[in-house]
Amino acid sequence: MTVRVVPTQPFPDQKPGTSGLRKKVPVFRQPNYVENFVQAIVDSVEGREGATLVVGGDGRFLNREVVQTTLRIAAANGFSRILVGRGGLLSTPAASCVIRKHGAVGGIVLSASHNPGGPDGDFGIKFNTRNGGPAPEPVTEAIYARARAITEYRILDAPDLDLDRIGEVVLGAATVSVIDPVDDYAALMESLIDFPAIRALFAGGFRMRFDAMSAVTGPYAIEILERRLGAPAGTVVNAEPLPDFGGHHPDPNPVHAHDLMDLMTGPDAPDFGAASDGDGDRNMIVAPGLFVTPGDSLAILAANAHRAPGYAAGLAGVARSMPTSRAVDRVAARAGIPAFETPTGWKFFGNLLDAGRITLCGEESAGTGSNHVREKDGLWAVLLWLNVLAATREPAAGIVRAHWRDYGRDYYARHDYEEVDAAAAEGLMQALRDRLDTLPGQSFAGLTVETADDFAYTDPVDGSVTRRQGIRILFREDARVVLRLSGTGTVGATLRVYLERYEPDPGRHDARTAEILAPVVAAAEAIADIRARTGRDAPSVVT
Ligand code: VG1
Ligand code: CO
């Protein structure tokens, strides 16, 4: 097999965002587009000569083709061992697990996460480093710089490999191992979570539904929930990964997982409901009649993690992304452990996890995780919840309500304005930045601004500074508005408005979120002029 050196021209738009390079499928189908970016990644991997690389994706449209291309480029660029999930599949957390367990120098993960797939949907390529986590900014910057200057790529002339059979194949100077995508991950879960207790729970008649949303977690959930934990067949629905996710938006929230919501709010609700996203790193938790916000879920897991064997020693600390509700901070304060506030995106948790400063962390966007891997992990969160349910034998909704009574309730919602004109969205943010200093002391819709700033983060481990991560407006009434632009959208700009209000009084924990947040919504509108600037009367999605 010969290595071909192919001349190419750079594409100017290969800049990784919050989570890798994400574009519409037709963009990735341009000749050399994939090859350029994969070569740019490979060029930025130090010590690749003789090293191990992990490759896999969420099974969406283009997954198989891009896996084949990636294998051929990796084999032509010095890697000696390449691990790839059978069928080209690996969930994001499983990829992180495999990288760590097998001492790989990194991994190339093909996914656009919760974005829709199919010929007109989205595709994505991201790089994870040797700790198993998303590449930090200096690495993504290096990849982008390389992609802008690329003049050639190296690729092996070889036929497609059979990805459906477990085993080893020689590819040029490299060996490709097709591995079971679930094995290592399931073993890790079994080492952290009390499987016997959960098995006893299911044996006692406990029922749940896990909606894999026709995405990558299906095989993982079937193996772990149904086979190893004894949940009845049919517990996992939409379990087969489909290239277009059955035409759905594989985003586990009350809007896109409405079948699950209907079931859980109806008369036949099982004891527990959960869902995961396209690449398996997000989770949604629903108790009968009660959606658990990701911020509450993080706080509840932090307060109860010691019930699972992997966390019996307690937590070193916790972290949340800045727009995530402050519920977990209250748990940390009571436990006397540090709580960190980071910019949006899992890569910012990496240093804290590596340094042992935190054990658990999470984001409002349905991401929860721990130091077991370096990605957020959907199924892990579901298993930790099941562990808590099995250990306490309390109903899920009861656990949530007791938590509110104990710590107070953080009412929370996110309003997304999708596919807004990019210049208008930038204009809105800039106008806000320009008047931040004038806001404190002013009142809007009955709320008085206490502080307002543009969030900047100094990493406590390496001292690096990341600026302009979103506008925070804190009100005296213990309410907060955060505004930022998405770094994962693929069309125009997406404005995210995060709204929250803390309510300590248990007598007021049963109100509708929209009602409690109405003044906060009105204040955000008054301050940011959202309607006029975006030309939208209402958000595209409220979660
Ligand atoms: C969104 C979420 C963020 C998450 C990111 C990747 O980013 O807000 O919390 O880390 O998606 O998640 P943005 O920049 O669009 O707000 V996933 O499940 O795509 O790996
Ligand atoms: Co995801």
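The questions below ask what lies behind each label.

This is a predicted model, where local features need pLDDT of at least 70, side-chain atom pairs count only at pLDDT 80 or more, and totals for chains, interfaces and linings use all residues. Residues are numbered from 1 along each chain as its sequence is written, while chains are lettered from A and ligands numbered from 1 in the order in which they are written.

Q: Why are β20 and β21 called paired?
A: Two strands pair if DSSP finds at least two bridges between them. Strands β20 (residues 443-444) and β21 (residues 447-454) are joined by two bridges, so they pair. They run antiparallel. Ser443 has Thr448 in β21 as its bridge partner.

Q: What makes β21 and β24 a pair?
A: Five bridges join β21 to β24 (residues 471-475), again antiparallel. Asp454 faces Ile471 in β24.

Q: What is the kink in α16?
A: The bend at a residue is the angle between axes fitted to the seven residues ending there and the seven starting there. In α16 the kink is about 40°, centred on Pro519.

Q: What makes a residue of α16 buried?
A: Buried means that 20 or more other C-beta atoms, placed from the backbone, lie within 10 Å of its own. Among those that qualify in α16 are Ile516, Leu517 and Val520.

Conventions: Helices (H or I, at least four residues) and strands (E, at least two) are DSSP runs, numbered from the N terminus. A residue is buried if 20 or more other C-beta atoms lie within 10 Å of its own, exposed if 12 or fewer, and partly exposed in between; C-beta atoms are placed from the backbone.
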